[in-house]
There are 2 protein chains.
Amino acid sequence: MKQKKSYGIGLLGFGTIGTGVIKALRRHGDLIEQRTGLRLELRAVADIDLERDRGVEVDRGIMTTDGNELIADPQVDVVVELIGGIGAARDLILKSLAMGKPVVTANKALLAEYGAEIFAAAEEGGADLFYEASVGGGIPIIRALREGLIANRIEKICGILNGTCNFILTEMERRGESFAKVLADAQAAGYAEADPALDVDGIDTAHKAAILASLAYGFPVRLGDIYVEGIGGIEGMDIEFAAGLGYRIKLLAVIAGGGEEVEVRVHPALVPRETMLGSVSGVYNAVLVRGDIVGETLYYGRGAGSLPTASAVLSDLTDVARNLASSSPRRVPAFVQHQARGRVRSMDEVVTRYYLRAALPDRPGMLARVAQILGRHQISIASVVQKEGRTGEHVPVIILTHEAAEKNMVRALQEIDALEVVGAPTVRIRIEDVS
Amino acid sequence: MKQKKSYGIGLLGFGTIGTGVIKALRRHGDLIEQRTGLRLELRAVADIDLERDRGVEVDRGIMTTDGNELIADPQVDVVVELIGGIGAARDLILKSLAMGKPVVTANKALLAEYGAEIFAAAEEGGADLFYEASVGGGIPIIRALREGLIANRIEKICGILNGTCNFILTEMERRGESFAKVLADAQAAGYAEADPALDVDGIDTAHKAAILASLAYGFPVRLGDIYVEGIGGIEGMDIEFAAGLGYRIKLLAVIAGGGEEVEVRVHPALVPRETMLGSVSGVYNAVLVRGDIVGETLYYGRGAGSLPTASAVLSDLTDVARNLASSSPRRVPAFVQHQARGRVRSMDEVVTRYYLRAALPDRPGMLARVAQILGRHQISIASVVQKEGRTGEHVPVIILTHEAAEKNMVRALQEIDALEVVGAPTVRIRIEDVS
């Protein structure tokens, strides 16, 4: 049978990433064809706004405001969903898959909330569903996890998955300025959204963590299962103290586990400076994956942006086209449940090391009282640094602990902060001693 | 049509990696089946030595000393070549492919020397040929380059591709000891071969560079095309001086280019310490890939070893099995020539920055004479550090240059070293200002 060699793309959503996809496809459609023998053709674009100038010309004859029309178009062999959010995007993806039409999406929120439904629709429709662009922008991390490391049980994943947060933390360290100041500058420069909550509160990172955890551990992990803490509470002095101790503060997604119970958590963490993860600066993302066969691996690159994300979308489109050309849809299924009884461990049970900054009066016996409370909750101290101050005033006391259970730490901090001598709530940041 | 769900593996070469493949397959054959629906079964093992204890039990009934018998065995659906070298390995791979039987190999030397022949045989035989394990051990770098970044023109690749060399250089810096001392210790500890030439002379790195360059630029690059310099000449004081200037010395494979001419070179280089590549220590490997769409990406992990390499072999085997199950052999061809007139640039024409260490008498006018010679060859100086010494004695003078052409540097150094005042040949190490 002679194979059809050209495949029509329908683009849902003509925003930043959609524009990048069109630009990249125009630049390298020939190159992709040389490398694969397959031609990807833009055949339809749907968006509610057909007028805005995106800096790229598209024939008005292939544009529509009706997403349903686009997915039903027989000229469209693959649907690329770049609308985002969980309303129209979900509806159109489900309809496409029900028609047996393959979908490529960058929609992390949708997969984190409705992954199980979408994956089931892909299976029922017998259609491909690819989502490389949903995590880590242009970094081929989904492909690495699902195909490259397929012979591994995943022991741990630590990811820096939000470029905006990493940029803010990097600049806070470099410039010695506050979160609020750096955020405002990042917003002015276009590196942070006007409403930065999705990024700085850790939600975007948690969406991506849900996707990686589901893939790695073979059961659906949802946003609601994940402990999430953002970077809004990080103070300049903690970045400075951490640096003095050989650490940097990063917003991490930590996914770890062996059997049925898996930790999935998003929070700021102290990471050793002289490590690969500790060296990730600015808007870059990185994902450290430890497999039981391969050992530690790491994947690094731009986690967002028009063209980097387009690079991932086009690699997915090539995969779809290859499957269409060889009549092998779902050669690599969107998701395979291989852990029937998987569940996310309660945050109470999670064990980590901690960095604590207590505000204590500079007089004898204060540290002893704090240490006593920690000890009573089975938390043992690894090191203490007391900063100089004037006698009688509150000074920051930095305590690094050995491993302790979260529930014990929560109770210990309640007691410590209830001491009348304590000047302010104790700051607590977890430590991840990645290598 | 009901698909066959179980695929027979024939292992050519029961050495370190072969043992790792058997161990990993035993540990995770079930997991791979859960994830893919496909069963990989070890059905034959060929080696000249059937007696040696490898720490893993194999049924004597499936062992043979005859590789030809193994590849002809109808029970064997995929041949895994782990013999190494270019004699029997080449012969058996060519025969397997001619039969239309897919091959998975880790043989970098063979691909670097006879890639064109092997790739042509795969095409003629209509069979899959996968070689993820040939570069970067367990790091899925071939997959990333060939599939994940398919929409990119590759602008540059900088790789730390030999774990032994990186271990030696890391230990020289950490312990402040000489190349010879650290190498001897590495040999005693089993981190370096009794005959270390293939590693420390850069040949192994060049084999891998040939494979990456061929894939990235779409024309066959052979070992003989590549400029190769090893790490045997690196002295402790250069590592120390480099550190003082904010650099580390790494053995790099540098592949760069745009059009028909591509640079492919292997040599020690100064890399900024505070970068991802500069942070790669010990036996780890890393590959920085800059694509014109995705920007910079990096892939990191163990570049050698029994289990890490087995992880890559098993991912290739899964790919082969998926292709067999969906009757889509050569869905991703082993190699696609997409640059008809590609060639490797002459080293003379390569432009880099340089670190120079000249041995000059500590008296007035010496530096001026050196600077004059450099200037006459269009080499401009970026900075100079003169180390303290006793008047009249030779002291090391460190010169960092701006970008200069290799041929100019070669001529300039000939003149400098011909000066009667120069105490020893000038040391020259290239600088790669990767980010």
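I took a polar contact as a pair of N or O atoms within 3.5 Å; within protein, one must be able to donate a hydrogen and the other to accept it, and residues adjacent in sequence count only if both atoms are side-chain atoms. The model is predicted, so I kept local features at pLDDT of at least 70 and side-chain atom pairs at pLDDT 80 or more, while totals for chains, interfaces and linings use all residues. Residues are numbered from 1 along each chain as its sequence is written, chains are lettered from A in the order in which they are written, and side-chain values use heavy atoms, without hydrogens and water.

Entry 1. I looked up A:Arg353 in strand 14 (residues 351-361) of chain A; strands are DSSP runs of E, at least two residues, and helices runs of H or I, at least four, numbered from the N terminus. A polar atom of the A:Arg353 side chain lies 2.9 Å from the backbone oxygen of A:Thr401. A:Arg353 is buried at 17% relative accessible area (buried is under 20%, with a 1.4 Å probe and protein chains only).

Entry 2. I turned to strand 1 (residues 6-12) of chain B: 7 of its 7 residues are buried, so the rest of the structure largely encloses it. B:Tyr7, B:Ile9 and B:Leu11 point one way, and B:Ser6, B:Gly8, B:Gly10 and B:Leu12 the other. Strand 1 of chain B runs parallel to strand 2 (residues 39-46) of chain B, joined by 7 bridges; B:Leu12 is opposite B:Ala46.

Entry 3. I laid chain A on chain B: a turn of 180° and a shift of 0.0 Å along the axis give an RMSD of 0.0 Å (least squares on C-alpha atoms of residues with pLDDT of at least 70 in both). That is the relation of a two-fold axis.

Key
Buried means under 20% relative accessible area, exposed over 50%, partly exposed in between (1.4 Å probe, protein chains only). Two strands pair if DSSP finds at least two bridges between them.
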